[in-house]
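Hi there,

Here is the structure I promised to pass on. Have a look at it first, and then read my notes below.

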Amino acid sequence: MWLINTDSLELEAFPTPPPQYAILSHVWTDEEVSFQDFRDLKRSDDVSVAVVRRKAGFVKVGQCCRLAKSQGLRYAWVDTCCIDKTSSAELSESINSMFAWYQSSTICFVYLADIVSTTSTQGPGGFPSRWYSRGWTLQELLAPTKVVFYNHSWTMIGTKWGMRTQISGITGISQADLVFFDRRRTSIAQKMSWASRRETTRTEDTAYCLLGVFGVHMPLIYGEGTNAFRRLQEELIKSSPDQTIFAWTYDLRLDAQLRPWGILAGSPGHFRHCGNVVTTHSLDSSKPRYGVLRRPQFSITNVGLQIELPLIEDTATALQHCHVRSNRDPPQKAFRTLLRESDVRAVIAILDCVDISGEEKPYLGIMITLDEDGALFHRVHHSYLVKIGSRLRIEGAPLPLCVSFDNRYLEIGDMIHLPFLGWGGGTYTTSIFVNDWLSVNNPRVLPSMDTSGPTIFLADDGVGLFLGPGTVGLLDLTLHGEVCTVIFGVTVTLKVCCAIVASAVGNYDHITTNYLAKHGQARKIV
């Protein structure tokens, strides 16, 4: 661990953290000072030193050291210049140790460069500081006991303790967890919900910045992309029986580029509505309902998740006593329509978790279906969680299941936005939702025109079209190896139409019969 001597402003190495030191929490800018910049201050020529000292990042480090020294602290730690990021081993060790370093600090200074107020961490209009939107600052808020906030001119705003009500309202974190964070007090879903609206510059850091919050360790592999978040969930499954990790929903409007991994979520954003989802054993000591196994064992296999869950096979009857939770409005009506029109025969798997947002505190379930081979279950209808009604009676013991990690039954995959000027001079956005078996290239929009023709609309298992009137677009599609171009649009009466324009293979009947024409008719123009 490298620390800055607040007297000499030189870096010193420590095998373990010293008893007392200050630590800085902030949002990175373009003018940060690196480990190499700081280390070479004594070796460089006057011009190079002057360049470094003029950087905003150096001024920030200097102010941190000044505050630490005023508190009688000899050392300070700043992430920009106290980690040699050219060493992958040191970077990995630092990220895996960072929560502990913040937790062991004597005091944490939070610098809010975008806040002028001396009484609030919110700016004009009540908008919170950008500091609240960054992934790494979550652990920097939770881990230290003593946290002091400063505005852009380094004037003290207040302490975490003194502003706990305001901070709790901004972050969704309970005041108890702000004052003293205990990982055992909150569920996986709750902690994920705290991170759901935060962002990181690197995709992998979405997972890496949460290692300390969950108390797990794993190697860093920059370049693995969204797979880092999958690995994080696998580590959590290995170390915890908490089934709230499966109680997420997929919001296609917000998460189109972060698709789930089968029964595993694709990002913390999938937990944004899970702040009230807890395990049953944390709620009370009574006997669990519906045959749910309390604190059951489950494990990762080479094909999926091995777990025992009670199932509700008669979903039509069950939904008379249940409600659904979703980002869709109204969720109950939309879900019943989805079940009625879908070709997938789904059952409800009841999880060992409850929603404590209301008085009833219902158990939660997910929809799964068995594949044609009868070997693997797959999660379906990812936008919904089922709230199990208290009057529902379930017979039978939990069944051993293997639930897949693939997205074979993901209703809606990638989303492509095509803005254009539509009929009547209005501006519209076309959203094309593409399933796994459909790859898209070269999306484009044609001039506004009337596209009167037959109607077609695929919602949950194909291409969904949301268009402005009198507009046309083109997509080049590769569908099970067959290349074609699809023209889509709507008539002035808001009817959606779709036509295949060209195909390298020419097997139009296969495409239209099985996919494009499932809910209507499609014309082909050769």
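A word on terms before the findings: helices (H or I, at least four residues) and strands (E, at least two) are DSSP runs, numbered from the N terminus, and two strands pair if DSSP finds at least two bridges between them. This is a predicted model, in which local features need pLDDT of at least 70 and side-chain atom pairs count only at pLDDT 80 or more, while totals for chains, interfaces and linings use all residues. Residues are numbered from 1 along each chain as its sequence is written, and side-chain values use heavy atoms, with hydrogens and water left out.

**The sheet**

Ile 4 is a handy place to start. In strand 4, Ala 76 stands opposite Ile 4, and in strand 2 the bridge partner of Ile 4 is Leu 11. Strand 1 (residues 2-5) runs antiparallel to strand 2 (residues 11-13), with 3 bridges joining them. Strand 1 is also antiparallel to strand 4 (residues 75-77), here through 2 bridges.

These strands belong to an open sheet of 7 strands with mixed pairing, in the order 2-1-4-3-5-6-7. Strand 2 and strand 7 (156-159) stand at the edges with a single partner strand each, so one side of each has no neighbour in the sheet.

Phe 109 has Val 148 in strand 6 as its bridge partner.

**Two positive phi values**

Most residues other than glycine have a negative phi. Leu 9, however, has a positive phi near 55 degrees. Leu 9 is in the turn of the hairpin that strand 1 and strand 2 form, with 5 residues between the two strands. At 26% relative accessibility, Leu 9 counts as partly exposed; buried means under 20% relative accessible area, exposed over 50%, and partly exposed in between (1.4 Å probe, protein chains only).

His 381 also has a positive phi, near 50 degrees. His 381 lies in the loop between strand 15 (377-380) and strand 16 (384-388), and is buried, with a relative accessible area of 2%.

Trp 161 sits in the loop between strand 7 and helix 6 (164-171). Trp 161 is exposed, with a relative accessible area of 54%.

Best wishes
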